[in-house]
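User: I am new to this structure and would like to be walked through a few of its features, one question at a time.

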Amino acid sequence: MAAVRFHELGLDDRLLKAVADLGWEKPTLIQEKAIPLGMEGKDLLARARTGSGKTAAYSIPIIQSLLQSKMTVSEQAVRVLILIPTKELGHQVQQMVRQLTTYCARDIKIADISGQADISAQRPILMEKPDIVVGTPSRVLIHINQKTLCLRESLQVLVIDEADLIFSFGFEDDLKSLLCKLPNIYQSYLMSATFNEDVQALKELVLHNPVTLKLEESQLPDSSQLTQYHIQCEEEDKFLLLYTLLKLSLIRGKTIIFVNNVERSYRLKLFLEQFSIPSCVLNSELPVQSRCHIIAQFNRGFYDYIIASDEQALSEAKAKGKKQAGKKKGGKTDNCR
């Protein structure tokens, strides 16, 4: 069967143009399955690996629906709520929606209230009644209780992204309280990398006769999602060149940066932090539990960049250290102090 193209999904021309700008020729598996169902108004429970395109899988049908409704409804209101477990993921969701609404930004407005900004500083944003609000359950609940955000009359779509993490990040009570303040009928999306017990509990709370997408796909991205760069430059220019590539978005998406030793990995991390580019360091000197935690954070979207050291250089350094220690152990002791 031939692969489906975005223009075959019945999307608004403005959406198609934004998708073309992103360089997407055809939808990923989760997008191909979820977008038509979302446009039909179905509740969705979807499991797909990190990096498979889950954010666009729910954002595209939501934007399409908003564009259609604005043709007949002129009243501005918050119609979509996207709940996420971390401010980092909130920023990514907002960025994706902004990219997809490049050619209809006047029609569709989004507000990310997941950050640590003072509550009062976010009130003017919510007073404009953005079409889409992104936030953690606790931050959204605070605004509802303070009456700076009202969803009972206007909400049409609820999304819980990274649903398998919401409870583990301590939002269970806030989420349950928040759900009581929503209307009785709305479309729901649960997007997750796993189907754990928390996701099953959320399914009972927010979904009504959902379509379940349990996609069997590789846990690794295919070659079309990977890009390798080779640039020759002087040693003193390497950090500056990397900073330039990242800041100008010439390198996009999740990235692994290899360096030749552990010390250099930390130097690069500190260098990038000076320019507000967060990254994490991965090497075999870290405890196994720490390495697993770092990889989990990277997969969940806490970081876009992993700085990994060359393990061959590391093993050679360890071997050299052992050899030197052996010489000292077997040598004369008259030099000891």
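This is a predicted model: local features need pLDDT of at least 70, side-chain atom pairs count only at pLDDT 80 or more; totals for chains, interfaces and linings use all residues.

User: How many bridges join strand β2 to β4, and which residue of β4 is the bridge partner of I82?

Analyst: Strand β2, covering residues 80–83, runs parallel to β4, and the two are joined by four bridges. Within this pairing, the partner of I82 in β4 is V134.

User: Which residue of β4 stands opposite A111?

Analyst: Strand β3, residues 110–112, is also parallel to β4 and is joined to it by three bridges. Opposite A111, the residue in β4 is V133.

User: Which residues of β4 point the other way from I132 and V134, and are they buried or exposed?

Analyst: In a regular strand, side chains alternate between the two faces of the sheet. Strand β4 spans residues 132–135, with I132 and V134 pointing one way. The residues that point the other way, buried like the rest of the strand, are V133 and G135.

User: How far apart in sequence are the parts that the pair of F169 and F302 ties together?

Analyst: The whole structure holds six aromatic pairs, and one of them is the stacked pair of F169 and F302, whose centres are 5.9 Å apart with 20 degrees between the planes. F169 lies in the loop between α7 and α8, while F302 lies in the loop between α12 and β10, so the pair ties together parts whose separation in sequence is 133 residues.

Key: Residues are numbered from 1 along each chain as its sequence is written. Side-chain values use heavy atoms; hydrogens and water are left out. Buried means under 20% relative accessible area, exposed over 50%, partly exposed in between (1.4 Å probe, protein chains only). Two strands pair if DSSP finds at least two bridges between them. Rings of Phe, Tyr and Trp (its six-membered ring) pair if their centres lie within 6.5 Å; planes under 30 degrees apart count as stacked, over 60 as edge-to-face and the rest as tilted.
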